[in-house]
Amino acid sequence: MSSSSSSVTVATPALPVSLRGVGRTFPAVRGGEERIVLRDIQLEIAPGEIVALLGPSGCGKSTLLRQISGLDRPTAGTLTIDRTAVAPADQRSAVAFQEPRLLPWRTVARNVELGLPRGLDRRQGAERVAELLELVQLSHAAGLKPREISGGMAQRVSLARALARGPGVLLLDEPFGALDALTRLTMQDLLVDIHRAEPATIVLVTHDVDEALALADRIVLLGTRHDRPGATISMILDVPGARPRDRASVVLTRLRAKLLDALGVPSHHGA
Amino acid sequence: MSFDERGGAPVRRPSTEGRRSASLFQFVSGYGYSAAGRDLPEVSRGRTTVTTILLGLVLPVLILAVWWVAAESGAIPDYLLPSPPQVVAAGVELAQAGLLATYILISVQRVLLGFAIGAAIGLVLGALVGLSPLASKLLAPLLGAIRAVPSLAWVPLLTIYLGIYEEPKITLIAIGAAFPVFTTVAGALRHVDPHLVEAGQAFGLGRLALLSTVQLPAVVPSIVSGLRLALAQAWLFLVAAELIASSMGLGFLLIDSQNNGRIDRLFLAIILLGVLGKTTDALVGLGERALLQRWG
């Protein structure tokens, strides 16, 4: 697929993200104890970089993503995008949620429209939407309602909506988690194409080791130590090789073994 | 006074091809089937529609036949049960006197005005209580208490405050119409999918934009259900208002006929109320389909 002819009119340049000592503790509810979910997260993300947040289910990956998006606020540390503090629902970033979260009464095109930056005139907006639907290969479905399309298509709509404003930071919360294995691979390739066409900084939450290896420049592993509550970064791995990558390459196989090992899953590699 | 259990009225049945489960409101209303909260049936094939209408007419026609036979045979004296022709004749007589059209029009006008005012108030209050926890804590107990007051209890007070003309009647109907809208809208707004609301916030929608883009469209089916219930309530409260203090209208026709022993007119008034109520409900039902086509 070639998507180099994108006539991006609204894209802002990719922005750096900085997390310093970020922690999130949820207050006690009705006599329970307070819950420490994240602590001491230290991470510098370069503009245009793709970072995968990897970890077991429920370890706080999505919570960390919500801190970066400004939909939730850390209880400790500082968090900046482009060296200024993250605002509530910060408009420099855009989120594609775990579920597509499309408005069921709006058509696919009108759902993508929701992601457009304010102050874009009608014609420009329509052009941008058409361009994005082309990018996620959904031009034919522009007039359909969410209930008339498949789960994979809905996730692509959600992705297009997140891309609509040309965000400096694109936050993806297990965007392909609910898809079947084949569709997931296609979507990963699509994301690589999109990143080439509109190179935003991407933070991708996933529990799929192969997905992280296929897409990320760096993989950040979140984990909890037995002696302390709250997840923090337990390992950062650089992934070599330009995308699209050979999923079966020796280097990736070795990294996969290392990651699975760190996640506590026997890899059976070279055994 | 109970006006919502009209036997024999053809009730539109839920289609069997709907995939979503039926909404709460259609069971609550007892006033005909509401399409809200489920998929729209496929555009009905002409034959099915005709069959549905014919089936719906079976019982009314049967009741009419039994009534006719019972009245004509003399088994029941006609001061207790007038025959259908006598009822028709009563209608013709009233029409010639120029009263029938006046009564119908004034009643319809009262219902529509009261319904419009009440629905608007219910919508605003419902939005406030549904969206703002503070407003909910402030208003919900008071409104709950007001709703618990039986409709007839308002009549003497409204008559003292507002006189005996249109104002107290329309006010009473508005009170009746406001609550179904208030209850359904407040409840529905409170339960709008928080995921969609958060998505709206993430894409930079402010409070008002969020309301118009996400929250209101999400509750359109509930609003429509509430409106339908409100219309039924409006007819109920109309008769309450007209029974007490009026010189015109179908409720007045009821009480006036009772006082003069005109059982034929009594039957006429009841039949007219049934037909008018069903007609306005069907009209709202048509609007409902159009709205759900767009927002459902």
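Let's start with a pair inside chain A: Asp40(A) and Arg228(A) form a salt bridge, with their closest N and O atoms 3.8 Å apart. A salt bridge here is a side-chain nitrogen of Lys or Arg within 4 Å of a carboxyl oxygen of Asp or Glu. This pair links distant parts of the chain, 188 residues apart: Asp40(A) sits in strand E2 (residues 35–45) of chain A, and Arg228(A) in the loop between strand E9 (218–223) and strand E10 (232–238) of chain A. Helices (H or I, at least four residues) and strands (E, at least two) are DSSP runs, numbered from the N terminus.

The model is predicted, so local features need pLDDT of at least 70 and side-chain atom pairs count only at pLDDT 80 or more, while totals for chains, interfaces and linings use all residues. Residues are numbered from 1 along each chain as its sequence is written, chains are lettered from A and ligands numbered from 1 in the order in which they are written, and side-chain values use heavy atoms, with hydrogens and water left out.

Asp40(A) also has a positive phi of about 50 degrees, although it is not a glycine. Elsewhere in chain A, a cis peptide bond joins Arg243(A) and Pro244(A), with omega about -5 degrees. Pro244(A) lies in the loop between E10 and helix H7 (250–262) of chain A.

Now to the place where the chains meet. Chain A and chain B bury about 1700 Å² between them, 59% of it on carbon and sulfur atoms; buried area is the accessible area (1.4 Å probe) that two parts lose on being put together, summed over both. In chain A, Arg101(A), Trp105(A) and Leu114(A) lose the most area to chain B, together 39% of what that side buries. The contact (heavy atoms within 4.5 Å) takes 22 residues from chain A and 17 residues from chain B.

| Salt bridge | Closest N and O atoms |
|---|---|
| Asp40(A) with Arg228(A) | 3.8 Å |
| Arg66(A) with Glu198(B) | 2.5 Å |

Finally, a look within chain B. Helix H4 (residues 99–131) and helix H5 (residues 133–148) of chain B pack at an angle of about 125 degrees, their axes 6 Å apart. Axes are lines fitted to C-alpha atoms, for helices over the stretch in contact, and angles run from 0 to 180 degrees between N-to-C directions. H4(B) and H5(B) are therefore oblique to each other; angles under 35 degrees count as roughly parallel, over 145 as roughly antiparallel, 65 to 115 as roughly perpendicular and the rest as oblique. Among the residues that meet are Leu125(B) and Leu128(B) in H4(B), and Leu139(B) and Leu143(B) in H5(B).
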